Amino acid sequence: MSLFSTTYDVIVVGGGHAGSEAAAAAANMGAHTLLITMNLQNIAQMSCNPAMGGIAKGQIVREIDALGGYSAIVTDKTAIQFKMLNKSKGPAMWSPRAQSDRMQFAECWRTMLEQTKNLDFYQDSVNGLLFEQDKIIGVKTALGLEIKSKTVVITAGTFLNGLIHIGDKSFGGGRAGEGASKGITEDLVAKGFEAGRMKTGTPPRVDGRSLDYSKMIEQPGDENTEKFSYLPVTKNLTKQRSCWLTYTNPKVHNLLREGFERSPMFNGRIKSTGPRYCPSVEDKVNRFATKERHQIFVEPEGWTTCEMYVNGFSTSLPEDIQDKAIRAIEGFENVKFFRYGYAIEYDYFPPTQLTHSLETKLVKNLFFAGQINGTTGYEEAAAQGLMAGVNAALKVQGKDSFILKRNEAYIGVLIDDLITKGTEEPYRMFTSRAEYRTLLRQDNADLRLTPKAFELGLASKERNDRVLEKQRKTNLLIQFLEKTSVKQEEINPILEAKNLALVNQSMKLFKIAARPQLNFSDFKNVKKLNIFILDNNIDSAIIEQAEIHLKYSGYIAKEKNNADKLNRLENVMIPSQFNYQKVKSLSFEAREKLSKIQPTSISQASRISGVSPSDISVLLVYMGR
């Protein structure tokens with residue numbers, strides 16, 4: 001089948017994390033999909049650190065997996081270390097994170113995509129878009145091909161007019177060693193889109209053989225590892241590679257300051273906004289001038305390579321300054337560089353120009369996902385890619401969009417924040433951004449989302465049945481705990497071992513197990529419980545679900561109640577293209593913001609900055625409420 005004669009259902013522009021998930025999702029939903037990328041060798045490249053997950057990001061990866069995406073499976077298959085972060089806090093804060101082998105990660109992604117039905121590949125640069133009035137109909141490539149499509153998903157990452165900075169040097173590029181993409185921004189601006197510029201950066205990569213680890217603190221993975229994917233296709237790690245911790249010091253800071261006047265960040269050559277929560281080392285030294293040291297994590301790039309990622313030392317300072325400053329860090333005295341750190345500026349499009357399906361408001365059938373929407377991070381990009389791919393396929397099939405609410409997924413929070421509030425700096429997900437984080441835990445993403453994925457056709461019947469069985473067994477265990485009593489002779493030794501007050505009568509297991517000081521592992525000698533667990537084949541994941549329910553049922557019920565109230569407002573719809581200017585009772589700012597964003601519901605309108613509760617009351621009257 002020729003590219004010249006084919007009209008695809010979905011064209012995905014860009015093969016990063018967003019593009020890879022978008023292509024997989026669209027193809028798995030039966031859409032004839034074409035993935036166009038500048039270099040097929042760099043599909044799903046880990047451009048920055050060789051890790052997936054972390055605070056809130058780990059929850060997103062689990063959600064992607066529950067929805068049938070590939071990121072979790074690839075991470076598990078290529079992991080070299082696993083940690084569950086925040087384990088000392090409540091389960092809403094537990095966040096999985098894994099270091100991956102960078103080369104294996106990209107190879108595994110490409111292999112999985114090549115095994116995906118309905119997916120074609122083409123290596124070229126897209127430098128133009130084909131429109132028919134207010135609808136997109138295809139793309140133009142650098143080689144002059146015009147490829148037609150019913151929908152297009154743009155996931156261009158940092159490549160749109162990308163400009164790399166190292167000290168006083170600047171040159172075009174989407175990342176080190178790869179050219180920038182030109183033409184897409186210009187076509188979109190000509191169509192009336194608003195564009196902006198953002199910045200991100202990356203640290204040096206160094207030769208691990210030149211480091212002195214005896215001066216650093218070893219950071220091993222968890223002793224009992226878990227994994228990201230809920231599927232049994234991947235296994236827990238049996239061996240791991242350690243990371244290492246060291247620190248900057250006043251000498252390092254002084255050496256860095258010597259290069260400030262040559263820094264593109266301070267001399268005005270970089271005018272765009274960088275990520276607040278992942279600042280460059282020079283920005284940290286400048287902003288926190290009284291702090292004597294900052295953490296530096298030395299992270300291996302794979303099982304066999306000696307290349308190390310210097311996490312915490314992101315910089316665009318001149319090479320000679322980078323060289324001098326890093327050698328003043330303990331353990332780096334004789335360091336050899338593989339490549340220097342750099343900053344990159346790129347085009348993005350304020351995401352208030354999108355609907356919740358990630359389709360643009362100005363041009364039909366055109367979807368944006370990833371850093372083009374102002375986000376930062378592999379996980380945020382992958383989540384948007386999956387949702388854009390799903391909705392592009394649904395659009396072709398003439399079906400309603402698939403939209404996740406804020407109480408259903410971190411992915412729902414991410415997209416709603418972008419669409420409703422916009423962003424003027426690279427957006428990164430945190431647990432604090434989710435008002436229902438007790439509901440949106442990493443352990444229950446499959447229970448929350450796999451039934452939805454099954455309805456979409458992204459999850460198999462076998463996978464959905466596994467989730468239903470997990471829910472059934474969890475409920476069974478909870479019911480057993482609620483109705484089963486144990487004698488004080490069995491309970492008191494457990495309490496005594498924990499220095500807790502003893503009981504003088506039999507008690508329900510539910511009441512004892514709900515105590516915050518006790519864990520299920522403390523009940524290994526309770527005969528009734530152990531027999532039940534063995535007879536019903538209860539595994540650790542089900543025990544964890546039951547234990548969280550026991551200890552946090554009050555919080556969970558409260559959040560569900562609040563979410564139900566929110567959903568009532570979510571169901572009060574606002575007609576499309578509603579004329580807010582005619583509603584004189586609204587404040588001027590509310591009229592301006594509502595006219596620009598065009599919220600679809602009262603709930604969404606209430607989250608727009610500058611729209612007050614009194615403005616919402618006025619709208620409710622207009623909507624007949």
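This is a predicted model: local features need pLDDT of at least 70, side-chain atom pairs count only at pLDDT 80 or more; totals for chains, interfaces and linings use all residues.
Residues are numbered from 1 along each chain as its sequence is written, and side-chain values use heavy atoms, with hydrogens and water left out. Local features need pLDDT of at least 70 and side-chain atom pairs count only at pLDDT 80 or more, while totals for chains, interfaces and linings use all residues.

Serine 229 lies in the loop between β14 (217–219) and β15 (243–247). Helices (H or I, at least four residues) and strands (E, at least two) are DSSP runs, numbered from the N terminus. The relative accessible area of serine 229 is 4%, so the residue is buried. Buried means under 20% relative accessible area, exposed over 50%, and partly exposed in between (1.4 Å probe, protein chains only). With neighbours within four places in sequence left aside, serine 229 is in contact with Asp65, Ala72, Ile73, Asp76 and Thr234. Contact means heavy atoms within 4.5 Å. The side chains of serine 229 and aspartate 65 are joined by a polar contact of 2.9 Å. A polar contact is a pair of N or O atoms within 3.5 Å; within protein, one must be able to donate a hydrogen and the other to accept it, and residues adjacent in sequence count only if both atoms are side-chain atoms. Proline 300 is 71 residues from serine 229 along the chain, and their C-alpha atoms are separated by 23 Å.

Arginine 463 belongs to helix α12 (residues 461–483). Its relative accessibility is 9%, so arginine 463 counts as buried.

Serine 125 is buried, at a relative accessible area of 16%.

Two packed helices are described by the angle between their axes and the distance between the axes. Helix α6 (residues 250–257) packs with helix α8 (residues 319–326) at about 170 degrees, and the axes are 8 Å apart. Axes are lines fitted to C-alpha atoms, for helices over the stretch in contact, and angles run from 0 to 180 degrees between N-to-C directions. The two helices, α6 and α8, are therefore roughly antiparallel. Angles under 35 degrees count as roughly parallel, over 145 as roughly antiparallel, 65 to 115 as roughly perpendicular and the rest as oblique. Val252, Leu255 and Leu256 of α6 meet Ile321, Lys324 and Ala325 of α8. By class, this contact has five nonpolar, no polar and one charged residues. Ala, Val, Leu, Ile, Met, Phe, Trp, Tyr, Cys and Pro count as nonpolar, Asp, Glu, Lys and Arg as charged, and the others, Gly among them, as polar.

Most residues other than glycine have a negative phi. Alanine 44 has a positive phi of about 55 degrees. It lies in the loop between β2 (33–37) and β3 (51–53). Alanine 56 also has a positive phi, near 70 degrees. The loop between β3 and α2 (57–66) holds alanine 56. Alanine 44 is buried, at 0% relative accessible area. Alanine 56 is buried, at 0% as well.

The whole structure has zero disulfides (pairs of cysteine sulfur atoms within 2.5 Å). Cysteine 243 is in no disulfide, and the nearest cysteine sulfur, that of cysteine 48, is 14 Å away. Cysteine 243 is buried, with a relative accessible area of 5%.
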